[in-house]
Amino acid sequence: MSLLLCRTGAGVPFYMEKADIKLYSLQELCYFVYNYPLVMADDPVSDELVAWIKNGLSMGILAERLSRLKESGETVENLLYLILREGNYYSIEETNEFKQRLG
């Protein structure tokens, strides 16, 4: 199964094994994070995901911020919130509501 919510962004998709889904863009990742956060519970911002954001989506700044925050022990909620905020797929109100739901 795969989602296609916008124009394809990555030549190589990120495979979300637990959901058996391929993600091709940051917007698709945002949709998945927002609607299925529990599927990502074990390691929501894995090194593989960060590498895909950096190399597959050419978003090195976001990948670096995620890596740095993850290494400093940032909460899962804040890491996922950052992805949602940077994706600009959901409104500020929706992303804030998401963060409150998880917190």
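The nonpolar core

Modeller: The largest nonpolar core holds 28 residues, and those with the most contacts inside it are Leu23, Leu29, Trp52, Ile53, Leu66 and Ile83. A nonpolar core here is a set of buried Ala, Val, Leu, Ile, Met, Phe, Trp, Tyr and Cys residues joined through side-chain atoms within 4.5 Å; buried means under 20% relative accessible area, exposed over 50%, and partly exposed in between (1.4 Å probe, protein chains only). Two or more residues of this core come from each of S1, strand S2 (21-23), helix H1 (26-35), H2, H3 and helix H4 (76-87). Helices (H or I, at least four residues) and strands (E, at least two) are DSSP runs, numbered from the N terminus. H1 gives the most to this core, with six residues. In soluble globular proteins, nonpolar side chains tend to be buried together.

This is a predicted model, in which local features need pLDDT of at least 70 and side-chain atom pairs count only at pLDDT 80 or more, while totals for chains, interfaces and linings use all residues. Residues are numbered from 1 along each chain as its sequence is written, and side-chain values use heavy atoms, with hydrogens and water left out. The mean pLDDT (the predictor's confidence in each residue, from 0 to 100) of the protein chain is 87, and 90% of its residues reach 70 or more. Over residues 1-5 pLDDT stays under 50.

H1 is largely enclosed by the rest of the structure, because seven of its ten residues are buried. These are Leu26, Glu28, Leu29, Cys30, Phe32, Val33 and Tyr34. Their cover includes S1, S2, H2, H3, H4 and H5.

Contact means heavy atoms within 4.5 Å.

In helix H5 lies Thr95, which is buried, with a relative accessible area of 3%. Leaving out residues up to four places away in sequence, Thr95 touches Tyr81, Leu84, Arg85 and Tyr90.
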